[in-house]
Amino acid sequence: MTIALPNIRPVPDKAYYRPSGNECSLFEHAWTRRLPLLLKGPTGCGKTRFVSHMAAKLGLPLSTVSCHDDLAAADLTGRYLLMGGDTVWVDGPLTRAVRQGGICYLDEIVEARKDVTVVLHPLTDDRRILPLERTGEQLAAPTTFMLVVSYNPGYQNLLKSLKPSTRQRFIAIEFDFLPKAEEIAVVSAESGLAEAKVAPLVELAQRIRALNGHDLEEGASTRLLVYCATLVDAGVPVREAVLAAIIEPLTDEPDVKTALIELADSLIR
């Protein structure tokens with residue numbers, strides 16, 4: 001017995017996205033030629049927003065999975081569950097996307113368990129199939145299906161990395177934070193805060209990013225800047241907004257926090 005699931009509807013394009021290069025064109029070519037796509041870049045630089053934007057632009061259903069340490073292949077493909085005394089097969093998000101078409105986006109793929117990448121391999125070559133051992137099915141991906149994965153190469157260690165044999169199954173686009181003027185425009189558009197007031201926040205973020213790998217594991221993301229600017233636009237004093245939306249999320253170390261507050265005070269009046 002299989003549960004009938006409703007069709008996934010295309011997502012509305014509510015997300016503001018500002019291209020920084022030819023990534024939109026490359027995505028469309030990958031979609032047209034049915035090529036799997038890998039997005040590389042730091043946390044909060046716009047990878048997920050980019051996928052949402054392209055799904056809406058192309059009118060495609062989007063299924064997003066945030067990968068984590070406990071995510072197993074069965075979480076993507078599906079499993080048998082007991083429901084009302086019956087044993088029922090329930091498709092996972094990857095299987096639903098293969099059956100119905102659309103984009104399946106696996107965010108931070110290296111966070112998932114190793115068996116996940118093994119499941120993806122048949123979908124990332126000329127076969128474009130998804131074998132379901134438990135049901136005995138071998139699903140052929142329709143022309144409307146696209147697999148997109150992402151990861152942060154700068155936040156890797158020996159225990160969590162994407163094998164070269166897996167990377168070479170995808171075409172790849174590298175993302176980074178936007179140039180200052182463009183990032184100011186994006187944060188202003190997202191938050192509603194005037195660009196003149198956003199400018200020092202972006203300057204602060206760029207200074208903090210220069211510390212990445214020294215005192216901080218990661219720099220301030222564009223996402224955090226949007227949060228901060230949103231608070232300021234809502235009437236929160238700038239210093240309080242910076243502390244709550246930028247400094248506190250980045251570190252718990254008292255010395256580092258003090259240094260970042262001093263840096264913020266020197267840039268934001």
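In this predicted model, the buried residues of helix α1 pack against β1 (37-40), α2 (47-58), β5, β8 (145-151) and β9. Helix α1 itself spans residues 23-32, and its buried residues are Glu 23, Cys 24, Phe 27, Ala 30 and Trp 31. These five residues lie on the same side of α1, because they cover an arc of only 125° around the axis. The spacing of such positions follows a general rule: an α-helix has 3.6 residues a turn, so residues three or four places apart point the same way. On the other side of α1, His 29 and Thr 32 are exposed. Just after the helix comes Arg 34, whose phi is positive, at about 60°.

Strand β9, one of the elements against which the buried residues of α1 pack, covers residues 171-174 and contains Ala 172. Is Ala 172 buried, partly exposed or exposed? Ala 172 counts as partly exposed, because its relative accessibility is 45%, and the exposed class begins only over 50%. Ala 172 and Leu 39 are separated by 133 residues in sequence, yet their C-alpha atoms are 5.7 Å apart in space.

Confidence in the model remains to be considered. The chain has an average pLDDT of 89, and 91% of its residues score at least 70. Strand β5 (residues 102-107) has the highest confidence, at a mean of 97, whereas helix α6 (residues 164-167) has the lowest, at 88. Over residues 1-13, however, the pLDDT is below 50; this stretch has 29 contacts in the model beyond near neighbours in sequence.

Technical notes. Residues are numbered from 1 along each chain as its sequence is written. This is a predicted model: local features need pLDDT of at least 70, side-chain atom pairs count only at pLDDT 80 or more; totals for chains, interfaces and linings use all residues. Side-chain values use heavy atoms; hydrogens and water are left out. pLDDT is the predictor's confidence in each residue, from 0 to 100. Helices (H or I, at least four residues) and strands (E, at least two) are DSSP runs, numbered from the N terminus. Contact means heavy atoms within 4.5 Å. Buried means under 20% relative accessible area, exposed over 50%, partly exposed in between (1.4 Å probe, protein chains only). The arc is that of the directions from the helix axis to the C-beta atoms.
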